Amino acid sequence: MFGLSELALILIVIAVVVGVKKLPELTRSAGKAARILKSETKALKEEGKEEGKAPDTAAPGERRVVTGTIVEPDVPPARDSRDKP
């Protein structure tokens, strides 16, 4: 029977043969994603400079206030085994 290394080699060959047609499309998509990530990072840095401090650069131990809304769960509390109807 096949060992682990042989099976891995067979799977890699199958992936290459099947994926050859999609490879240019995948690299194009990866390039677009990298450009978008780079531009968003640059925009966040510029926004941080305008505010006087870059986002997520709090000093260790420095507290930050995060605003939000408290949401109560819709699920009733679990019943205890001692509770009887």
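A helix, as the word is used here, is a DSSP run of H or I that is at least four residues in length, and helices are numbered from the N terminus. In this predicted model, the secondary structure of the protein chain comes to two helices and zero strands.

The helix called α1 covers residues 4-19, and Leu9 has its place within it. With 16 residues, α1 reaches 22 Å from its first C-alpha to its last, which is close to the 22 Å expected at 1.5 Å a residue. This helix is hardly covered, since the count of buried residues among its 16 residues is zero. Leu9 is exposed, because its relative accessible area of 54% lies on the exposed side of the cut-off, which is over 50%.

Leu9 also takes part in a nonpolar surface patch of about 880 Å², which is made by Phe2, Leu7, Leu9, Ile10, Leu11, Val13, Ile14, Val17 and Val18.

Turning to the protein chain as a whole, buried residues make up 1% of its 85 residues. The chain exposes about 8700 Å², and carbon and sulfur atoms supply 63% of that area.

Methods. Residues numbered from 1 in each chain as written. Predicted model: local features only at pLDDT ≥ 70, side-chain atom pairs only at ≥ 80, totals over all residues. Heavy atoms only, no water. Buried < 20%, exposed > 50% of the residue type's maximum accessible area, 1.4 Å probe, protein only. Areas by Shrake-Rupley, 256 points an atom, 1.4 Å probe, with all protein chains shown as cover. Patch = residues over 30% accessible without salt bridge, like charges linked within 9 Å, V, L, I, M, F, W, Y side chains within 5 Å. Salt bridge = Lys/Arg side-chain N within 4 Å of Asp/Glu carboxyl O. Expected span 1.5 Å × (residues − 1).
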